[in-house]
Amino acid sequence: MSSTTYKIAAIPGDGIGVDITDAASQVLNTLAQAHGGFSFDFMTFDWSSKKYLERGWYMPEDGMAQLKKHDAIYFGAVGWPDVPDHISLWSLILPIRTSMNQYVNVRPTRILKSVTAPLAQLQKNRKDLDWVIIRENSEGEYAGQGGITHGHGPNAIATELAIFTRVGIERIMRFAFETAKLRPRKKLTMVTKSNAQRHGMVLWDKVFYEVAKEYEGVVEWDKMLVDAMTVRMVNKPESMDTIVATNLHADILSDLAAALAGSIGIAPSSNLDPTRSCPSMFEPIHGSAPDIAGKGIANPVGAFWSAAEMVRWLGKGDLDKTADQLMEAIENVSENGIRTRDMGGESSTKEVTDAVCKEIEAIVGKK
């Protein structure tokens, strides 16, 4: 059997990002060995907050050029109490997203086997929560436009500009419709706040309606204000399937979705360049969690789910079954009671990782 080697740039970052990146690498290598048709070549970049404090920068000037030599980027987490969050975020992950043309962020959410949902109705009807949140990942509220005047005085003025372009809106809407078209329910919910934000979000709505005409009879769609959307996610989860929202709105809603599904520790994300001209980046959404860093108790499930999405993306359809097998292994281990504390278990990060690797060998080898 011929084998393909995928070059992966691993950026563990800070806190539990290091633990879960090591765990994901172990699981991915086990998956590749069990499959036999591909392998991974990891290169680790120590662009952490600790290094930033030592040298004054997160990534070197040629950092983007180094990343472009790889097929994908696996990201752990960034953020540490000694470095203000806006510095760590804008010095590392946000520049990667923009420089690598990763204008789509995909966040799937469902309740995995044996995971306890916090709401009684979801625990009873687990299949009601099965969503894909499509987040515009390049502009909107995170465009970085604005500034501070008189910052050192009592009359400081700060401006934060949300940038919405026709090109940016149209491409994310088209991606969202195409995603919905491939889902069983073929339904898309567009999230907006155009009643209050009467310029950028009115354009957001306008372009959505234009793109929607191309999918008449193919994709069912509806529209929700973001505040009302939080209520609907809790009270009527079964009424939604694919969701598209702005950079900020989707960031917030996906954390709510993860909590409703049982734990933010299980939630994955993919930062995609749909043109495939640059490497895409895959990461769990849980952050660096300084309070549990180094204790060996971090939940690696979100890291493993993100790894499964990376395998799916790299395979361009050929490795979908393999990604599904990885998800099956994750759920089987959880169902067997091998879980970290945030999921009601007592297992360590390593114990969960070793159990998932063992399950992968059994599943992939058998099938």
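Predicted model: local features only at pLDDT ≥ 70, side-chain atom pairs only at ≥ 80, totals over all residues.

## Open pockets

Rolling a probe the size of a water molecule over the atoms shows where empty space is left. The largest pocket holds about 1,000 Å³ of space, and its lining is made up of 34 residues, among which V132, T179, R183, E309 and R312 lie nearest the centre. Several elements of the chain each bring at least two residues to this lining, namely the strands β4 (104–110), β5 (130–136) and β11 (268–272), together with the helices α6 (166–182), α10 (301–315) and α11 (320–335). Of these contributions, the largest share is that of α11, which supplies 5 residues. When the lining residues of the largest pocket are sorted by class, 17 are charged, 13 are nonpolar and 4 are polar.

The second largest pocket contains about 510 Å³ of space. It is lined by 25 residues, and V78, L89, I93, R97 and D251 are the closest to its centre. Two or more lining residues come from each of β3 (72–77), α4 (85–99), α9 (247–260) and β12 (280–284), and α4 gives the largest share, with 8 residues. By class, the lining of this second pocket has 10 nonpolar, 8 polar and 7 charged residues.

## Enclosed cavities

The largest cavity has about 50 Å³ of space, and the residues around it are N299, V301, I330, V333, S334, I338, R339, T340, M343, V352 and V356. Both α11 and α12 (349–366) supply at least two residues of this lining, with α11 giving the most, 3 residues.

The second largest cavity has about 30 Å³ of space, and its lining consists of P108, T109, R110, A258, A261, I266, A267 and W305. Here the largest share, 3 residues, comes from β4, a strand that also supplies at least two residues of the lining of the largest pocket.

Helix α6, one of the elements that line the largest pocket, has 17 residues and spans 24 Å from its first C-alpha to its last, which is close to the 24 Å expected at 1.5 Å a residue. Its buried residues are G168, I169, I172, M173, A176, F177, T179 and A180. Seen down the axis of α6, these buried residues fall within an arc of 160°, so they line one face of the helix. An α-helix has 3.6 residues a turn, so residues three or four places apart point the same way. On the other side of α6, V167 and L182 are exposed.

What covers the buried residues of α6? The cover includes the strands β4, β5, β8 (187–192), β9 (220–225) and β10 (242–245), and also the helix α7 (200–212). One of the buried residues, T179, is also among the residues nearest the centre of the largest pocket.

## Two single residues

Is S270 buried or exposed? S270, which lies in strand β11, has a relative accessibility of 4%, and because buried means under 20%, it counts as buried. Leaving aside residues up to four places away in sequence, S270 touches V104, N105, V106, M281, F282 and E309. Of these contacts, E309 is also one of the residues nearest the centre of the largest pocket.

A156 is placed in the loop between β6 (140–149) and β7 (157–163). With a relative accessibility of 42%, A156 counts as partly exposed. If residues up to four places away in sequence are again left out, A156 touches T149, H150 and G151. A156 and G337 stand 181 residues apart in sequence, and in space they are 54 Å apart from C-alpha to C-alpha.

Note on methods: Residues numbered from 1 in each chain as written. Heavy atoms only, no water. 1 Å grid on protein atoms, 1.4 Å probe; cavity = no way out; pocket = protein on both sides within 12 Å on 5 of 7 lines; lining within 4 Å. Points joined across faces, edges and corners; volume = space filled by probe spheres on them. Helix = DSSP H or I, 4+ residues; strand = E, 2+ residues; numbered from the N terminus. Nonpolar A, V, L, I, M, F, W, Y, C, P; charged D, E, K, R; others polar. Expected span 1.5 Å × (residues − 1). Buried < 20%, exposed > 50% of the residue type's maximum accessible area, 1.4 Å probe, protein only. Arc of directions from axis to C-beta. Contact = heavy atoms within 4.5 Å.
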